[in-house]
Amino acid sequence: MHIIEPTFESVSDNIDKVNIIKGKLWDEQAQFDAGKDKTQFRQFEAACERVKNFYKEQHEKQTVEFNINARVKFRKDVRARMGIWEAMEKLNTLVDDSDPDTDVSQIEHLLQTAEAIRRDGKPEWMQAVGLVHDLGKLLYIFGSEGQWDVVGDTFVVGCQFSDKIIYPETMASNPDSKDPIYSTEYGVYRPHCGLENVMLSWGHDEYLYHVLKNQSSLPDEGLAMIRYHSFYPWHREGAYRHLTNAADEKSLEAVRAFNPYDLYSKNDDTVDSEALKPYYSSLIEKIFPEVIEW
Ligand SMILES: [Fe+2]
Ligand SMILES: [Fe+2]
């Protein structure tokens with residue numbers, strides 16, 4: 001039997017769907033009556049079903065060893081030299097039109113996120129974050145191992161896996177869960193060492209953060225929005241408080257302020273990228289160099 005691999009777009013989309021539905025359940029937990037209305041739970045379970053295999057693979061393969069190698073590889077090469085808008089167009093080539101699961105294209109999602117932030121009168125740097133936050137998915141074009149090292153929720157490697165990670169039971173197949181050091185509460189870290197000193201599972205967030213931290217004038221809050229936007233076990237579930245410090249509190253506030261724009265702007269009106277290009281080109285000019293080393 002020939003098994004068709006789900007496309008990058010559909011996996012990436014379904015991961016977002018799970019977080020949207022989880023977000024609704026989480027927000028409404030107080031009023032939520034499971035006996036009265038099970039629709040959301042059923043939708044959640046259906047979406048989860050579609051991403052289950054993805055997470056099973058990711059949780060098995062995101063080891064400390066893999067993460068160190070990914071960072072070494074990142075520092076060794078420059079994968080491309082191009083500006084932000086060109087990168088957005090390049091990311092858009094990932095779109096598979098035949099995929100019925102895909103709601104909006106990558107470039108549309110970036111523009112919708114930025115537009116929602118702009119509509120709310122938020123600062124230009126935050127609009128810029130909305131515009132670029134998923135450009136790290138270019139990793140998939142640059143030759144990642146798979147989808148599991150590009151998308152999906154992130155977590156800390158090098159210490160005990162949190163039970164707040166989605167599908168926590170699948171972490172048992174990660175060899176680090178049996179490592180005498182990595183399996184301990186603090187692992188290789190000191191109490192409250194700060195997320196700055198913690199290794200997060202490798203993917204589009206971490207990659208883009210490393211690309212932009214020295215190639216943009218984004219403030220620390222903006223870089224935090226980029227680095228932690230998929231770090232749901234922390235920013236939504238409150239895990240890893242034994243590792244965070246005072247600076248992370250500020251980051252947490254920033255990431256939580258950004259999250260709704262990422263999750264809920266997909267229902268907004270469609271955007272005309274050509275019409276928006278002049279506005280965003282001048283915004284890009286203010287914050288990023290003309291050519292970025294990816
Ligand atoms: Fe993302
Ligand atoms: Fe996004």
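This is a predicted model: local features need pLDDT of at least 70, side-chain atom pairs count only at pLDDT 80 or more; totals for chains, interfaces and linings use all residues.
Two residues are in contact here if their C-beta atoms, placed from the backbone, lie within 7 Å.

**Binding site**

The unreviewed UniProt entry places the feature "binding site" at His109, His133, Asp134, His204, His229 and Asp262. Two of these annotated positions are Asp134 and Asp262. Asp134 belongs to the loop between α6 (124–132) and α7 (204–212), whereas Asp262 lies in helix α10 (residues 246–264).

| Residue | C-beta neighbours inside 10 Å | Contacts |
|---|---|---|
| Asp134 | 25 neighbours | Gln106, His109, Leu110 and His204 |
| Asp262 | 25 neighbours | Thr113, His133 and His229 |

A residue is buried if 20 or more other C-beta atoms lie within 10 Å of its own. Asp134 therefore counts as buried, with 25 such neighbours. Asp262 also has 25 and so counts as buried. The contacts of Asp134 include His109 and His204, both of which are named in the UniProt annotation. Among the contacts of Asp262 are His133 and His229, which the UniProt record likewise lists.

**Helix α11**

Helix α11 (residues 273–287) has 15 residues; at 1.5 Å a residue it should span 21 Å, and its end C-alpha atoms are 19 Å apart, which agrees. A kink of about 35 degrees is centred on Tyr279 in α11.

Conventions: Residues are numbered from 1 along each chain as its sequence is written. Chains are lettered from A and ligands numbered from 1 in the order in which they are written. UniProt positions are given in the numbering used here, feature names are shortened, and annotations may be inferred rather than shown by experiment. Helices (H or I, at least four residues) and strands (E, at least two) are DSSP runs, numbered from the N terminus. A residue is buried if 20 or more other C-beta atoms lie within 10 Å of its own, exposed if 12 or fewer, and partly exposed in between; C-beta atoms are placed from the backbone. The expected span of a helix is 1.5 Å times one less than its number of residues. The bend at a residue is the angle between axes fitted to the seven residues ending there and the seven starting there.
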